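Please place the sequence beside the three-dimensional view and keep both at hand while reading. The paragraphs below refer to each in turn.

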Amino acid sequence: MHPLLASLRDNIAKVVFGHADTVDSIICCLLARGHCLIEDVPGVGKTVLATALARSVDCSFTRVQLTPDTLPSDILGVSIYDRPTGEFIFKRGPIFANIVLADEINRTPPRTQSALLEAMAEATVSIDGRVLQLEPPFMVVATQNPYDFDGTYPLPENQLDRFLMRLSLGYPSPAEEARVLRERPGNSPLHVLRPAITRVQLIELQDQVDRVRVDDTLLEYVVRLAAETRRDDALVQGLSPRGSLSLTQAARATAFYRGRDFVIPEDILDCVPVVCPHRVVLRSPSNSRLDAATDIIDRAVRRVASPA
């Protein structure tokens, strides 16, 4: 592993106990220039993980606590009339940061959720007839509670598709939970966490990820896998071309994270569970939508032969 990435992982592990696979995945998401959605029940450390990642990189960070009365201007910014000059001055919102934590994104109405859409897709913000570019690196880390919780607004499919990965923490083991009770990472350790890498170093690592080689046979494998999901009768919509691009880019980041400059089939297969299920649309409604989609994707993976 690259020394900087090892340092970043160890820094996050100071406050996130256990969940090693999830920590690895969110770092790969950052390397791939993607956005991450963390879904789980309250109190398992979603916000701690997102904040630890942001504090481990020496760049600008903002946190937005989304509520039912949050407006799009609370995220994007607003133009204020300046009486001395007689002009409107644009006050930038929290979206103008390198890492943005959108906490409890599904507790805010769809109109406010959509304010993030352009920023996540194109790293730009259109407001007052102007298009403002967001400074790289740019990553949105959103947390949400399961859809069956009271007061939640399900994210639409086009919004979910903008997230490169959808992660879940789950409950910690008894030993890890005892350590949480003893060290209380949500109090002092998280607040004093120091950056492990700089903004310039992160951009350089992201550029190196783009140069990771993917053999044509692996690209054909991703295409066959996407086509298999589109033929499944249980799905209204299978994996889109954007989903195929996301899976390939996530595999590049995973290979680089593991110390290689080329992708192998295992890199793709390990990314499928966190990149693909939230991008498909089920034909039959289900209370456990993500679990059902994961099972369907697993069936598609088993039907498509992996390159040797």
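The model is a predicted one, in which local features need pLDDT of at least 70 and side-chain atom pairs count only at pLDDT 80 or more, whereas totals for chains, interfaces and linings use all residues. Residues are numbered from 1 along each chain as its sequence is written, and side-chain values use heavy atoms, with hydrogens and water left out.

Helices (H or I, at least four residues) and strands (E, at least two) are taken as DSSP runs and numbered from the N terminus. Two strands are said to pair if DSSP finds at least two bridges between them. On this basis, five strands form an open sheet in the order β3-β6-β9-β1-β10, with parallel pairing. The strands β3 (61-65) and β10 (165-167) stand at the edges; each has a single partner strand, so one side of each is left without a neighbour in the sheet. From one strand to the next the twist averages 15°; here axes are lines fitted to C-alpha atoms, for helices over the stretch in contact, and angles run from 0 to 180 degrees between N-to-C directions.

Within this sheet, β1 and β10 pair in the parallel sense over three bridges, and C36 stands opposite M165 in β10. Helix α2 lies across β1, β9 and β10 and runs at about 160° to β10, where contact means heavy atoms within 4.5 Å.

A separate pairing joins strand β4 (residues 77-82) to strand β5 (residues 87-92), antiparallel and over six bridges. I80 has I89 as its bridge partner in β5. Four residues lie between the strands of this hairpin, in which G86 takes a positive phi near 70°.

How many disulfides are there? A disulfide is counted when a pair of cysteine sulfur atoms lies within 2.5 Å, and the count comes to zero. C36 is in no disulfide, as the nearest cysteine sulfur, that of C29, is 4.8 Å away. For C276, the closest cysteine sulfur belongs to C271 and is 8.8 Å away, too far for a bond. Burial is judged by relative accessible area: buried means under 20%, exposed over 50%, and partly exposed in between (1.4 Å probe, protein chains only). C36 is buried at 0%, and C276 is buried at 1%. Helix α3 (residues 46-55) is mostly covered, with seven of its 10 residues buried; among them are K46, L49 and A50.

R33, in the loop between α2 (20-31) and β1 (36-39), has a positive phi of about 60° although it is not a glycine. Its relative accessible area of 37% makes R33 partly exposed. A123, in the loop between α6 (117-122) and β7 (124-127), also is not a glycine and has a positive phi of about 60°; A123 is partly exposed at 21%. In the loop between β8 (130-133) and β9 (139-144) lies P137, and the peptide bond from P136 to P137 is cis, with omega near -5°.

The last stop is R299, in helix α14 (residues 289-303). R299 is partly exposed, with a relative accessible area of 34%. Leaving aside residues up to four places away in sequence, R299 touches D232 and A234. The C-alpha atoms of R299 and M139 are separated by 31 Å, and these residues are 160 residues apart along the chain.
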